[in-house]
Amino acid sequence: MGATRVIETLVLSLLLFLSGSSATQRQKTRAGPRLPCKQMVFYFHDILYNGENAKNATSAIVGAPAWGNRTILAGQNHFGNVVVFDDPITLDNNLHSIPVGRAQGFYLYDRKDYFTAWLGFSFFFNSTQYRGTIIFAGADTLNKTRDISVIGGTGDFFMARGIATLTTDAVEGDVYFRLQVYIKLFECW
């Protein structure tokens, strides 16, 4: 009985020591600011269909509240509108630059009392510089600068995690906007 008690005590002590040292190790790695493993800047250009620009439009209203329609964003901070998009991604802010990929997804305006949206989209790359996808999701407060989450990816961005800082770079009424997307990946494989 005494030998069993001694072995149990040693095993328990060893487990406590190992769990304590791994917690200390985690604290040491988190002590300083975490640096991104990859940083990139892209521009995404959205041209909303307005009933007259079908040839150039890269997005369209697919859902509208009862008081709205599908060619003009609804009043009351566009509440209830759902927009899908397939926008070009460029390395600079010129819409006519050669695209390095496409931004594909949706945004929906989700508050009546405040101008805000929710985004879910991916950057699809198929160029010599990048291949794969980066997936984004999150609430967009529509301030000049805001952050959303990078929640995954494929190809060159396999299982990527990080933050994308969106900056409104240009707006032309309700038809065109351009976002600068500064991506900071903290998990790179």
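1. C37 has a relative accessibility of 43% and so counts as partly exposed; the class covers values between buried, under 20% relative accessible area, and exposed, over 50%, with a 1.4 Å probe and protein chains only. C188, at a relative accessible area of 38%, is also partly exposed.

2. On provenance: this is a predicted model, in which local features need pLDDT of at least 70 and side-chain atom pairs count only at pLDDT 80 or more, while totals for chains, interfaces and linings use all residues. Residues are numbered from 1 along each chain as its sequence is written, and side-chain values use heavy atoms, with hydrogens and water left out.

3. The structure has one disulfide, the term being a pair of cysteine sulfur atoms within 2.5 Å. C37 and C188 form this disulfide, with their sulfur atoms 1.9 Å apart. The link is right-handed, with 80° about the S-S bond. It joins distant parts of the chain, 151 residues apart: C37 lies in the loop between α1 (2-30) and β1 (38-47), and C188 in the segment after β9 (176-187). Helices (H or I, at least four residues) and strands (E, at least two) are DSSP runs, numbered from the N terminus.

4. Strand β1 is mostly covered, with seven of its ten residues buried. β1 runs antiparallel to β9, and ten bridges join them; strands count as paired if DSSP finds at least two bridges between them. K38 stands opposite L185 in β9, and M40 has I183 of β9 as its bridge partner. β1 is also antiparallel to β3, through two bridges, and F44 stands opposite I89 in β3.

5. β9 also pairs with β8, in the antiparallel sense, over eleven bridges. In this pairing I163 stands opposite K184 in β9. The hairpin of β8 and β9 has three residues between the strands, and G173 takes a positive phi near 60° there.

6. The largest nonpolar core has 31 residues. Such a core is a set of buried Ala, Val, Leu, Ile, Met, Phe, Trp, Tyr and Cys residues joined through side-chain atoms within 4.5 Å. Residues with the most contacts inside it are F42, F123, F125, I134, F136, V181 and I183. Two or more residues each come from β1, β3 (82-90), β4 (101-109), β5 (117-126), β6, β7 (145-155), β8 (161-172) and β9. β5 gives the most, with five residues.

7. Not counting residues up to four places away in sequence, I183 touches K38, Q39, M40, F42, F123, I134, F136, V150, I163 and A164; contact means heavy atoms within 4.5 Å.

8. There are 19 aromatic pairs in the structure. Rings of Phe, Tyr and Trp (its six-membered ring) pair if their centres lie within 6.5 Å; planes under 30 degrees apart count as stacked, over 60 as edge-to-face and the rest as tilted. The pair of F125 and Y130 is tilted because its planes stand at 50°, with ring centres 5.4 Å apart. F125 and Y130 are both buried. One aromatic cluster is formed by F42, F44, F85, Y107, Y109, F121, F123, F125, Y130, F136, F157 and F177.

9. D140 belongs to strand β6 (residues 131-140) and, at 3% relative accessibility, counts as buried. Its side chain makes a polar contact with the side chain of R146 (2.6 Å). A polar contact is a pair of N or O atoms within 3.5 Å; within protein, one must be able to donate a hydrogen and the other to accept it, and residues adjacent in sequence count only if both atoms are side-chain atoms. Leaving aside neighbours within four places in sequence, D140 is in contact with T116, A117, L119, R146 and L166.
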